[in-house]
Amino acid sequence: MHTPVTVIGAGLGGLTLARVLHVHGIPATVYEADPSPSARTQGGMLDIHDYNGQLAVEAAGLMDEFHAIVLEGRQAMRVLDRDGTVLFEEADDGTGGRPEVMRGELRQMLIDSLPAGTVRWGHKVTGTRALGEGRHEVAFADGTTVTADLLVGADGAWSRVRPLLSAATPEYSGTSVVETYLYDADTRHPAAAKAVGGGSMIAPSPGRQFFAHRESGDTLHIYVALAESLDWFAAIDFTDPESATARIAAEFADWAPELTALITDTDTAPVLRPHYALPTDHRWDRVPGVTLLGDAAHLAIPNGEGANLAMLDGAELGRAIAARPDDIEAALTEYEQVMFPRSAEIAASEDAEIHRADSEANTAQGLIDMFFEKGQ
């Protein structure tokens, strides 16, 4: 089958691209490995920033739909010391520029905005190859192929499209998180719920820290970050939830009980999520007929910017194509020349953050001082 604009990956970036192209009357086909939109959970809350992610939503013509899924009050933030003392607290007065939404609802909003059949579910990519003259073939696990005049890799960290442009592969950042959930927190886990507060909570220390969000339905979503090697984590049997939980909790033995409860009282098996990143200056020479966006282009450690950047990439690429429909190479060049330095700047900042997380300066007071230095 032959398609003019082929997008690999129905994440936020790929869907935003397809939507912006649709707004401009340009059809696209999105191929996604998941068999359906609900095949797996889509992660937790995202703060969508007014300087990047919301610009993409606006370009997609979906601001009303976006405001309808915002979780009120979740921009509240607090910083706790390891003894549970609240050292900094900021309320959500409704004027902030980073409203919180659930990733799954944001993704569904984008899916619903596309014509039926735009997303082809159950298409796992096994390989890509150049055919010459800017055309590329994509092969799927079911044995089928498509030929694209324009191929866009929006397929995340382990992109199957990236090798057409770059030999770079993600490397372990030195930090992983262990993910847990507490459900019906106010009634079943009141001490932990009180510690987290109404929005997000951070409790940092050198090499060890808690991140928690109050999501919809009175759910606490927790990320326990540890700066350790992959070998260190490999020694923990995550197939045995009880022993894995106890092992991680032991690293916080002298912390406040309302914080350690975020691990010990988990209602789900702990999930290990190693953080990988591409080189901060990752870029490629222009190759006719193919480009990347989001994590496929500039994977970095999580720092609140990844989803926002992916959506902005998708919106800007869509607008560049719409502005130059008769000169796609000029459109891709224009897009990449803006995307490369922007993503490199954010990645460098995130790289500094990951090294700071393992330093003696990574304390609650140190984090507060950094907030004020940045004018937050």
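At 47% relative accessibility, Arg 40 is partly exposed, a class between buried (under 20% relative accessible area) and exposed (over 50%), computed with a 1.4 Å probe on protein chains only. Its salt-bridge partner is Asp 34, which is buried at 10%.

The model is predicted, so local features require pLDDT of at least 70 and side-chain atom pairs pLDDT 80 or more, whereas totals for chains, interfaces and linings use all residues. Residues are numbered from 1 along each chain as its sequence is written, and side-chain values use heavy atoms, leaving out hydrogens and water.

**Salt bridges**

The structure holds 19 salt bridges, each defined as a side-chain nitrogen of Lys or Arg within 4 Å of a carboxyl oxygen of Asp or Glu. Three of these pairs are listed below.

| Asp 34 | Arg 40 | 2.9 Å |

Helices (H or I, at least four residues) and strands (E, at least two) are DSSP runs numbered from the N terminus. Asp 254 is exposed, at 57%, while Arg 82 is partly exposed, at 32%.

**Aromatic pairs**

There are nine aromatic pairs in the structure. Rings of Phe, Tyr and Trp (its six-membered ring) pair if their centres lie within 6.5 Å; planes under 30 degrees apart count as stacked, over 60 as edge-to-face and the rest as tilted.

Phe 210 and Trp 255 form an edge-to-face pair, with 5.4 Å between centres and 70° between planes. Because Phe 210 belongs to strand β13 (residues 208-215) and Trp 255 to the loop between α8 and α9, this pair ties together parts 45 residues apart in sequence. Both residues are buried.

Trp 232 and Phe 233 are likewise edge-to-face, at 5.0 Å centre to centre and 85° between the planes, and both are buried. The charged end of Arg 208 sits over the ring of Trp 232, 5.7 Å from its centre; the criterion is NZ of Lys or CZ of Arg within 6 Å of the ring centre and within 35 degrees of the ring normal.

Elsewhere, ring pairs link Trp 158, Tyr 172 and Tyr 276 into a cluster.
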